Amino acid sequence: MRVEIFADSLPNLPWEDRPQGSTDPVWRCSANPIIDRNPIPAAPTIYNSAVIPYEGGYIGVLRADHRCHMPFLHLGRSQDALHWEIENERI
């Protein structure tokens, strides 16, 4: 799939062009990590499990590794896919 087609279908996705000289099929956002450590009281780390466009922004089901060392799912919302509001209560 061409980047232009992808970018047109998700116009507010914060897409970055391929870094100069890169031949990798996928590259990371220069803002990584998107979600910093300790984003909610229950969990020191969160991973972006599934994010989709939703009502002009984004919504996601995020895997959070809780302080008890158990993974749980949490709901997250974002207007720009870079700054997230994550519910402390697990799904």
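Setting aside neighbours within four places in sequence, H66 is in contact with A42, A43, P44, F72 and H74, where contact means heavy atoms within 4.5 Å. This is a predicted model, so local features need pLDDT of at least 70 and side-chain atom pairs count only at pLDDT 80 or more, while totals for chains, interfaces and linings use all residues. Residues are numbered from 1 along each chain as its sequence is written, and side-chain values use heavy atoms, with hydrogens and water left out.

As for where H66 sits, it's in the loop between β2 (57–65) and β3; strands here are DSSP runs of E, at least two residues, numbered from the N terminus. H66 comes out as buried, at 12% relative accessibility (buried is under 20% relative accessible area, exposed over 50%, partly exposed in between, with a 1.4 Å probe and protein chains only).

Now for the charged pairs. The structure has two salt bridges, each being a side-chain nitrogen of Lys or Arg within 4 Å of a carboxyl oxygen of Asp or Glu. One joins the side chains of D65 and R63, at 3.2 Å from N to O. D65 is partly exposed at 22% relative accessibility, and R63 is partly exposed too, at 33%.

The other salt bridge brings together the side chains of E87 and R77, with 2.9 Å from N to O. This pair ties distant parts of the chain, 10 residues apart: E87 belongs to the segment after β4 (85–86), and R77 to strand β3 (residues 71–78). E87 has a relative accessible area of 34%, so it's partly exposed; R77, at 41%, is partly exposed as well.

Conventions. Helices (H or I, at least four residues) and strands (E, at least two) are DSSP runs, numbered from the N terminus.
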